[in-house]
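Here's a quick walk through a ligand site and a couple of spots elsewhere on the protein. Have the viewer open as you read.

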Amino acid sequence: MKLISEENGMIRLANGSFSYVMYVDGTKHLQHVYSGKDIGPFDKAQRESILKDCYYEYLSPEGAIHEEKDGYGGDVSSEVATAGLGDHMGSAIRIAQNDGSFSTEFLYVSHRFYPGLPSLKGLPYARENGSICESVEFLLKDALSGVEAYLTYSLFADKNVLLRNLRLVNPSKEPIRILRAASLELDLPGYAYDHLHFFGTWGRERFPERVALMHGTLAHSITSGRSSHEENPFNVLLEKKADETHGECYGFNLFYSGNWKEEITVNERNNTRVIEGINDENFSYELEENEEFIAPEGVILYSNEGLSKLSQTSHDFIRNNVIQSPLAKQYRPLLFNSWEGALFDFSTQSILSYMEEAKKIGTELFVLDDGWFGQRNDDRHGLGDWWVNTEKIDLGKVIAHCHELGMKFGLWFEPEMVNPDSDLFRKHPSWALGHPQLNRELGRHQFPLDLTNPEVRDNLVSQVNAILDHYAIDYVKWDYNCFIQDAYSSHLSKERQGGVNYLLVKGYYDLCERIVMSHPKIFFEGCASGGGRFDLGTLSYFPQIWCSDETDPAQRIFIQYGTSFGYPLSTMGSHVSISKTASYTTKSDLAFFGSYGYEFNPSKLSDFEKEELKKNAKNYSQLHKSLIDEGDLYRLLSPQEGNFLGLLSVKKDQSEALLLVVSTLKKITLSFFVKLPGLKDERRYRNDFNGEVHTGEFYRTVGINFSPKWFDEFHSELVHLKEE
Ligand code: GLA
């Protein structure tokens, strides 16, 4: 299938279901013509009809007056909006020119098509992994500074995913300052859209909020140095009438784990523009001669069948084209984590008995969390000192015993941080980030390390790899527990300080390349005080991320529900914990709809509680991989709109499905049917809730009748449907 074509001056990326059309106009500006349902190529009249607002008159430097009928005209249909061209909807690229101005005009020079996807130097990016993709790269040149913009668009044949990449190169001898280089710009006609975004805080991540667009600019700007608990880079623009199963939705995301910003502007003529990329606050990046700046890869997702379909597209994309580790597609052992049960208070003996008890409830991978290294007996000491605290733990013995019990072994690290009370800080105080002449604020008693400094990165790589190479470790949890308070690097020159935030993120990816990618047999899970770095950059290296430090179902219901809009269930670390709100059955059913695990003191479980965990321990090996890790997700009941969470995950071949229903309030269900989409109409399925057998069509139109069931507060049902 040919994905990119060129006709009537238009370059069209189309896969039969989604198309994205651009046009190089008579003034050599790259214009956006269309993005949406693929309705075939446009002729000149159709193009003019779409762009008819764009009348434009200009005086060339030579003194000639030109008129462009469908040329670049004011606030509409640009691909690279800049200051200085009558566009007032916000720039995608901003340059501080050497004459002191911001006047910038990127003009088309050439373009080329190529099969496959671009690869990015020093940043994570999507991979083909068997998908068919094609790309078009434009070379544009700023008429004033000569800065070259390489702008690449890539489309997938098998899913409605468009990638957008921007690389700026300075060919002149004069250094140039980049003040903004957004990964995404999308202009849409009209403003009849809602915006769905995912805000939060620690312990309450990715809470969906849908708001109507308004005239003016709606912005989200993250400055904490991580993609954040406060707002997720994934967000959606959707038609007002769109819901889970109907309507047009445009999803946006970034391969980036640091400060980012999004602006959605509706102008006075009712045009909409989305701009998303690295945050330009505290950002000013100097480009020397022949240097380049690479913006993070931007992602546009499209569905005209509502939000569940958009999520499925995003999930397939993440599972197949974002996550790099082949281990992600293998069976993931049922995990036990020591943190909530033991905290820092453990010994060799107590961990050995933890492991034995954990084994009895089905654990297949035992993870020793924080507290095994340096002088780390609480969170005030030891970060930075990645040597085993042999007075506290005999790690070799613990690992050997774990393997003898037939379980894999995992260990916790937080490589990017340092406590002031550590050998590393005492030896290298300047390695901690922040201005030494100012008060430096700590977060959880620690500083982020200056990852812009290659010496710091080398030190961390050798410390962490020494442990990973010496011990038989099967899994690593990689944490990141504080904000960036002051992005000052003692290592960089004054010209480079404006790029520190960006270079820190590149430093993180460099560590991932040299630690994670050099250990392909170790499964790595990401974490940042729970879900503070849940993004495509992190997922490139970490197939799963601890979704939130909050494990109480009262809050977890919303966290997992919200996270599912952008991210697959297999990426959401979800554990049964000691929280008191709900029974172990409910906690286990809810955690099962994520990457499942346990996190409590196993010797404190009652026999009844152990019994409650048995069902899903059995389900896990039989159902989890094909139904939860690999299935198609449908959100059926929103806990924000009613008193139930309802999620359905359907096996790719539609032969089986798992339904989760959790109530948030006590309810006598006199009449309560849950309709199930996603099954094959003509096939017959037995469900293990009431043992009935019905066709897929019946489940879709009538549903499962839960009416005789008394739903107590936080009661759950996990229902397995199997084709007869
Ligand atoms: C963070 C993580 C927890 C745990 C602690 C250890 O808070 O989110 O799961 O690992 O750190 O200090």
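Asp479 has a side-chain N or O atom 3.0 Å from an oxygen of the ligand. With Gly530, a polar backbone atom sits 3.1 Å from a ligand oxygen. On its own the ligand exposes 310 Å², and the protein buries 95% of that (Shrake-Rupley areas, 1.4 Å probe).

Keep in mind that this is a predicted model: local features need pLDDT of at least 70, side-chain atom pairs need 80 or more, and totals for chains, interfaces and linings use all residues. Numbering runs from 1 along each chain as its sequence is written, and side-chain values use heavy atoms, without hydrogens or water.

## Who's around the ligand

There are 13 residues around the ligand, and Asp369, Asp370, Arg444, Lys477 and Asp549 come nearest; being near takes a heavy atom within 4 Å. By class, the shell splits into 4 nonpolar, 3 polar and 6 charged residues. Here Asp, Glu, Lys and Arg are charged, Ala, Val, Leu, Ile, Met, Phe, Trp, Tyr, Cys and Pro are nonpolar, and the others, Gly among them, are polar.

## His66

His66 is in strand 6 (residues 65-68); strands are DSSP runs of E, at least two residues, numbered from the N terminus. Its relative accessible area is 32%, so His66 is partly exposed (between the cut-offs of under 20% for buried and over 50% for exposed). From His66 to Leu503 it's 437 residues in sequence and 43 Å in space, C-alpha to C-alpha.

Methods
A polar contact is a pair of N or O atoms within 3.5 Å; within protein, one must be able to donate a hydrogen and the other to accept it, and residues adjacent in sequence count only if both atoms are side-chain atoms. Helices (H or I, at least four residues) and strands (E, at least two) are DSSP runs, numbered from the N terminus. Buried means under 20% relative accessible area, exposed over 50%, partly exposed in between (1.4 Å probe, protein chains only).
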